[in-house]
Amino acid sequence: MIQAEQTLNEALAAFDFSGPGTQAVRFGEGHINDTFLVSAGRSGRFILQRVSPVAFHAPEQLMENVVNITEYLAREISRQGGDPRRETLTVVHTRDGGACFTDSAGTVWRSFLYVEGTVCHQTAGTPELFAASGRAFGRFQQLLRDYPADTLHETIPRFHDTENRLQLLKNAVAADPLGRVRECREDIAFMLARERDCSVALDALRVGELPLRVTHNDTKLNNVLMDEDTGEALCVIDLDTVMPGLVINDFGDSIRFGANHSAEDEPDLSKVSFDAGLFETYTAAFLKEAGEALTGAEIRLFPWGAKLMTLECGIRFLTDYLEGDRYFRISRPGQNLDRARTQCKLVADMEGCWDQLNEMMARYL
Ligand code: GN1
Ligand code: MG
């Protein structure tokens with residue numbers, strides 16, 4: 001596949017960033033898109049991103065969602081007395097007024113204002129930080145509660161369809177194109193043993209126990225910008241997967257990534273453990289902002305959201321490892337296998353304190 005650097009200059013020109021002194025450097029730790037920070041002299045700083053063609057098959061539709069969502073958020077934030085230029089992303093248009101640019105290789109680029117004075121954390125160093133991210137995603141839910149969900153494109157079909165994710169893993173195991181299955185037998189067995197679990201949230205949706213809402217679907221701690229001075233969460237980013245979905249998945253994906261003290265790709269599993277205290281910290285913060293909008297069934301199923309998002313992410317990492325690391329960017333061999341294994345360890349830990357998690361939820365109902 002061609003590298004983003006090969007068409008970066010075309011994109012810089014399309015967004016009118018190519019004046020003398022402009023610099024563009026790789027930025028951030030996202031696994032999917034190619035992100036650059038552009039310093040464009042007196043015009044200021046911008047984020048320029050090449051949208052992954054492997055992950056997103058209809059990038060124009062995706063950008064239609066992002067434009068509509070960010071404009072809606074900006075209006076809501078202003079209405080509530082906030083600063084929309086800092087509290088949500090602002091799409092920067094191309095010289096021709098478009099929301100994105102297609103390069104000579106057919107790949108789509110888009111740009112946002114860079115939100116100055118913010119930081120993005122890779123681990124929840126302190127409970128306060130994790131709570132701040134919980135407030136941010138809870139507020140995101142609250143801000144979008146009346147957004148017409150049926151007007152959103154489904155940017156990745158079946159994104160959190162855990163049953164289908166498991167089926168895709170089975171297909172990859174059967175095909176085993178790189179002969180990697182033999183080193184992952186235990187990991188595969190761990191996931192297959194939880195086949196029934198993969199249906200819990202989907203069954204609740206099918207019987208009408210859980211409603212579809214506008215959800216973010218990728219609520220990692222590093223998808224929130226924090227104010228450098230106050231430490232408070234400021235702006236939810238990475239809006240590519242904003243779609244109709246389940247709120248327990250937004251809750252759960254945050255727990256998956258943040259309710260522990262290790263990196264997602266930590267190779268030493270003895271360092272990876274689920275922190276039930278951080279689970280509670282996040283629950284309280286998230287519900288403080290989003291609580292009124294949610295139903296009792298949703299809150300009751302939060303532990304399931306946490307377990308299923310973690311299991312599903314492990315399934316996705318392992319599937320990608322077996323298929324040759326085509327989806328999640330890696331910086332070293334075996335990284336996707338390590339990522340899959342941390343997720344299994346966290347699932348096992350959650351199961352170890354399952355009753356405690358459910359009792360905790362009872363206090364918030
Ligand atoms: C990807 O783009 P990024 O790095 O924020 C992925 C998420 C995974 C996450 C795992 C579109 O998120 O679904 O949970 O990696 N995004 C997409 O770290 O697949
Ligand atoms: Mg991201």
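The structure holds zero disulfides. It is a predicted model. The magnesium ion (ligand 2) is coordinated by Asn 223 and Asp 238, and strands S7, S9 and S10 form an open antiparallel sheet.

**Cysteines**

- The sulfur of Cys 100 has its closest cysteine sulfur in Cys 235, and because 20 Å separates them, they are too far apart for a bond.
- Cys 313 is likewise in no disulfide, with the sulfur of Cys 344 as its nearest cysteine sulfur at 11 Å.
- Cys 313 is buried, at a relative accessible area of 6%.
- Cys 344 is among the buried residues of helix H12.

**Magnesium site**

- The donors to the magnesium ion (ligand 2) are OD1 of Asn 223 and OD of Asp 238, at 2.2 to 2.3 Å.
- Asn 223 sits in the loop between strand S8 (213-215) and strand S9 (224-227), while Asp 238 sits in the loop between strand S10 (233-236) and strand S11 (243-245), so the pair ties together parts 15 residues apart in sequence.
- Asn 223 is buried, with a relative accessible area of 5%, whereas Asp 238 counts as partly exposed at 25%.

**Sheet S7-S9-S10**

- Three strands make up this open sheet, in the order S7-S9-S10, with antiparallel pairing.
- Strand S7 (118-119) and S10 are the edge strands, each pairing on one side only.
- S7 and S9 are joined by two bridges, and Val 119 stands opposite Met 226 in S9.
- S9 and S10 are joined by three bridges, and Val 224 stands opposite Val 236 in S10.
- S9 and S10 form a hairpin with five residues between them, and Gly 231 in the turn has a positive phi of about 80°.

**Strand S3 and its partners**

- Strand S3 (residues 45-50) is largely enclosed by the rest of the structure, because five of its six residues are buried.
- Strand S2 (residues 34-39) pairs with S3 in the antiparallel sense over six bridges, with Phe 36 opposite Leu 48 in S3.
- The hairpin of S2 and S3 has five residues between the strands, and Gly 41 there takes a positive phi near 50°.
- S3 also pairs with strand S6 (residues 108-113), in the antiparallel sense and over five bridges; Ile 47 has Phe 112 in S6 as its bridge partner.

**Thr 155**

- Thr 155 is found in the loop between helix H4 (127-143) and helix H5 (162-175), and is buried with a relative accessible area of 10%.
- The side chain of Thr 155 reaches the backbone oxygen of Asp 240 at 2.7 Å.
- Leaving aside residues up to four places away in sequence, Thr 155 touches Phe 56, Leu 62, Asn 65, Asp 240, Thr 241 and Met 243.

**Helix H12**

- Helix H12 (residues 335-352) has 18 residues and reaches 26 Å from its first C-alpha to its last, close to the 26 Å expected at 1.5 Å a residue.
- The buried residues of H12 include Leu 337, Ala 340, Leu 346, Val 347 and Met 350, and also Asp 338 and Arg 339.
- These buried residues of H12 pack against helix H6 (185-192), helix H8 (247-258), helix H11 (302-322) and helix H13 (354-364).

Key: Residues numbered from 1 in each chain as written. Chains lettered and ligands numbered in written order. Predicted model: local features only at pLDDT ≥ 70, side-chain atom pairs only at ≥ 80, totals over all residues. Heavy atoms only, no water. Disulfide = S-S within 2.5 Å. Buried < 20%, exposed > 50% of the residue type's maximum accessible area, 1.4 Å probe, protein only. Donors = N, O, S within 2.8 Å, 3.2 Å for Na, K, Ca; no water. Helix = DSSP H or I, 4+ residues; strand = E, 2+ residues; numbered from the N terminus. Pairing = 2+ DSSP bridges. Polar contact = N/O pair within 3.5 Å; in protein donor to acceptor, adjacent residues only side chain to side chain. Contact = heavy atoms within 4.5 Å. Expected span 1.5 Å × (residues − 1).
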